[in-house]
Amino acid sequence: MKEVYCVVMAGGIGSRFWPMSRQKTPKQFLDIMGTGSSLIQLTYDRFKTISRPDQFMIVTSDDYAQMTLEHLPELTQAQVLAEPSRKNTAPCIAYAAYKLYKKNPDAIMVVSPADHIILKESAFLETLQTAIDHASETGHLVTIGIKPSRPDSGYGYIQFHREEAYAAEDIRAVKTFTEKPSVELALQFLQSGDFYWNSGMFVWKASSIVEAFRTLMPDMAELFEEEQDALNGPEETRAIKSIYNQCPNISIDYGIMEKAKNVDVVLGDFGWSDLGTWGSLYEQLDHDDKDNVKLNGQIKTYNTDHSIILTKKGKLAVVQGLTNYIVIDTDDVLLICQKDEEQKIKQFVQDLKDSKLNQYM
């Protein structure tokens, strides 16, 4: 039986989800969907069907290590990989990969962010099993693509070869990756039929990804290999601090996936959102007859449509005359922003930092 380990990336701040997502409590630790579970708990529950609790590794900032254990009490401290600094997804994945490689080079590694929403769980698990079987049989690097429902410029795109590369119709060889195109280009991608959204979920053997690091990112591989003996031991914290001090800030897509020759995509369609923005949350939730999404409190709307409005439980919000807006009311911040301009939220947060208003971040 294949040993399948789940690596959950949970170190981000989620600044595009401000003002709910804050530095002290980023979005992966929030119950954004109102289910009674945080996003990281939903992710853990989803993957428990393929891995035992002791086969999880959560990579997060050392600021969030304790919070991770509070949300996932079944895990031990050794399963929480605390990053000393944020260096994007390549070092994060290398950290988990080299730990697992030392333990079992043939183990399958499933990598997922902690903040995805998946509405059709059974369809997702079927897609995931296809990816696990394919990665195990071929030794290839496998990513999961999502059938696009709209020309969204907030997602990366994967182009696959049209010709059948494998017997299974939903597995294709990857042709190109494109990071967040313009809306016009995204529309062309949608119309072409051979582009899927890049989910940021990956499946591979520990040995396959380590080999990819050695070939395509040899400097980073060397940093981890020099400290290989310290991993899974009492010297790990010191070793990781030393490695991260020297690591570049680089994504796994740019560092490996765009350059590797053995990358395949499993095509999926299972009600996915990366919950990167308020707009992506709006797309996933139930709308009223005016296409509004109302969350938490008592919300009365008049002449208002296509908006997402969130207020605190026990609070009344009366909203009149808005079309296509985001209205988020927390204890200490009120955000009112056009939905089409939500990419500016990151700038708002940066402006707070520049103005030394860190208490609101």
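**Terms and values**

Analyst: Of the contacts in the protein with a separation of 6 or more, 65% are between residues 24 or more positions apart; contact means heavy atoms within 4.5 Å. This is a predicted model, in which local features need pLDDT of at least 70 and side-chain atom pairs count only at pLDDT 80 or more, while totals for chains, interfaces and linings use all residues. Residues are numbered from 1 along each chain as its sequence is written, and side-chain values use heavy atoms, with hydrogens and water left out.

User: Why is M217 called buried?

Analyst: Buried means under 20% relative accessible area, with exposed over 50% and partly exposed in between (1.4 Å probe, protein chains only). M217 has 9%, so M217 is buried. M217 lies in the loop between α6 (206-216) and α7 (218-226); helices (H or I, at least four residues) and strands (E, at least two) are DSSP runs, numbered from the N terminus.

User: Which residues is M217 in contact with, leaving aside neighbours within four places in sequence?

Analyst: They are A90, A212, I250, G255 and I256. G255 is 38 residues from M217 in sequence, with 6.7 Å from C-alpha to C-alpha.

User: What makes a set of residues a nonpolar core?

Analyst: Its members are buried Ala, Val, Leu, Ile, Met, Phe, Trp, Tyr and Cys residues joined through side-chain atoms within 4.5 Å. The largest such core has 49 residues, of which I93, M109, W204, I209, F213 and I256 touch the most other members. Its largest share, 9 residues, comes from α3. A second, separate core of 39 residues includes V8, Y44, I171 and F270.

User: How many residues of each class are in the lining of the second largest pocket?

Analyst: The lining has 14 nonpolar, 6 polar and 6 charged residues. Ala, Val, Leu, Ile, Met, Phe, Trp, Tyr, Cys and Pro count as nonpolar, Asp, Glu, Lys and Arg as charged, and the others, Gly among them, as polar. Elements that each supply at least two lining residues include β3 (80-83) and α8 (236-246).
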